[in-house]
Amino acid sequence: MSRHQALDTFGRSGNPVMGNKFDGDAQFRDMPISQKMTLEGTVNKTGILLLLCFATAAVSWNIPNPILMFTGMGVGLIAAIITIFKPTMASSTAPVYALAQGLFLGGITVMFEAQYPGIAIQAIGLTFGTLASLLVCYKTGIIKPTENFRLMIVSATAGIALLYMVNILMTMFGGGSGIGFIHSNGLMGIGFSLFVVGIAALNLVLDFDFIEQGSENGLPKHMEWFGAFSLMVTLVWLYLEILRLLAKIRSN
Amino acid sequence: MDLNTIFFGGLALVSLAAFFYLGKFKASKAQTERDDRITWSKRSFSFRSCLTIALGIFLIFFFLSYLGYN
């Protein structure tokens with residue numbers, strides 16, 4: 001059976017994020033180099049997204065307002081969903097995501113900073129410290145992501161998402177505080193936060209591998225924005241979890 | 001400026017500089033030239049195994065919470 005017949009019969013990958021857009025060898029071979037994804041382009045675009053995020057975070061930090069915060073959260077969520085299902089639009093939706101998340105992060109950081117002075121700079125330092133150290137580990141081959149590694153990280157991330165969703169539902173409809181240790185500052189609560197920080201950090205390795213292989217296979221240029229977007233999503237999650245972990249430790 | 005800001009601010013700046021510098025280089029051969037790399041064009045693991053592990057993680061934490069561990 002030929003490759004095209006097989007695709008017609010069985011269909012393409014069901015993964016909405018990757019799908020058939022990672023078919024570098026056949027689809028993108030004839031594209032000019034200037035239209036292909038590069039490592040440098042992706043890193044530069046990550047820089048642009050970080051700058052946009054910092055800019056709106058500074059606004060939200062100086063003018064703390066719950067409306068700004070929740071608008072940022074909502075718009076960020078919509079922009080993220082559009083980017084995941086329509087990566088060709090990433091060049092416009094990824095900057096919107098970064099701007100919106102900046103509003104959200106600035107607001108939430110002010111709240112933590114008011115309670116625990118100095119916590120914001122600690123969380124920022126540890127987030128970027130984790131990013132750089134995992135990049136070194138990935139580039140040098142100390143951490144080698146495999147299919148099993150991917151299975152474990154994707155599954156653990158899904159498990160954590162499920163736990164958070166059930167917690168939100170229990171808080172909304174159960175009347176209690178949901179799954180207790182998610183917010184507790186006891187040994188179990190801190191252990192859970194450490195586990196989540198670990199999983200969020202290891203998601204960065206998957207992002208690095210996606211970007212590395214994307215540039216090797218010469219994916220189209222818009223995938224640079226998509227790669228930068230996926231790094232931003234993980235960094236935002238990692239920052240929030242580190243913030244929560246530090247708050248739990250300091251509240252003891 | 002206190003010591004906390006200098007240390008963690010410095011860490012953030014150095015880390016960002018390292019990211020923007022190292023990120024532009026290709027990964028080492030130890031990373032790129034191996035047979036067990038992830039194939040991003042397809043999902044090689046089954047949805048069932050992913051769901052089983054996710055539910056396992058969820059249930060472990062859920063029951064620990066149910067038993068009153070905080």
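**Salt bridges and the A–B interface**

Biologist: Happy to start with a pair: how far apart are the closest N and O atoms in the salt bridge of Lys26(B) with Glu216(A)?

Modeller: Gladly, and please keep in mind that this is a predicted model, where local features need pLDDT of at least 70, side-chain atom pairs count only at pLDDT 80 or more, and totals for chains, interfaces and linings use all residues. Residues are numbered from 1 along each chain as its sequence is written, chains are lettered from A and ligands numbered from 1 in the order in which they are written, and side-chain values use heavy atoms, without hydrogens and water. A salt bridge here is a side-chain nitrogen of Lys or Arg within 4 Å of a carboxyl oxygen of Asp or Glu. Lys26(B) and Glu216(A) form one, with their closest N and O atoms at 3.6 Å.

Biologist: Why does the pair of Lys26(B) and Glu216(A) join two chains?

Modeller: Lys26(B) sits in the loop between H1 and H2 of chain B. Glu216(A) belongs to chain A, so the pair joins two chains, and its element there is helix H8 (residues 187–216).

Biologist: Is Lys26(B) buried or exposed?

Modeller: Buried means under 20% relative accessible area, exposed over 50%, and partly exposed in between (1.4 Å probe, protein chains only). Glu216(A), at 35%, is partly exposed. Lys26(B) has a relative accessible area of 53%, and is therefore exposed.

Biologist: Nice! Which side chain of chain B meets Glu216(A) in a salt bridge at 2.9 Å?

Modeller: The rule finds two salt bridges across the interface of chain B and chain A. At 2.9 Å, N to O, the partner of Glu216(A) is Arg37(B).

Biologist: How much area do chain B and chain A bury between them?

Modeller: Buried area is the accessible area (1.4 Å probe) that two parts lose on being put together, summed over both. Of the area buried by chain B and chain A, 70% is on carbon and sulfur atoms. The area buried between them is about 4800 Å².

Biologist: And which residues of chain B lose the most area to chain A?

Modeller: Three residues together account for 18% of what the chain B side buries. They are Phe19(B), Ile38(B) and Trp40(B).

Biologist: Last one, within chain A: is Arg150(A) buried or exposed?

Modeller: Arg150(A) forms a salt bridge with Glu147(A), the closest N and O atoms being 3.3 Å apart. Glu147(A) has 16% relative accessibility and counts as buried. At 4% relative accessibility, Arg150(A) is buried.

Key: Helices (H or I, at least four residues) and strands (E, at least two) are DSSP runs, numbered from the N terminus.
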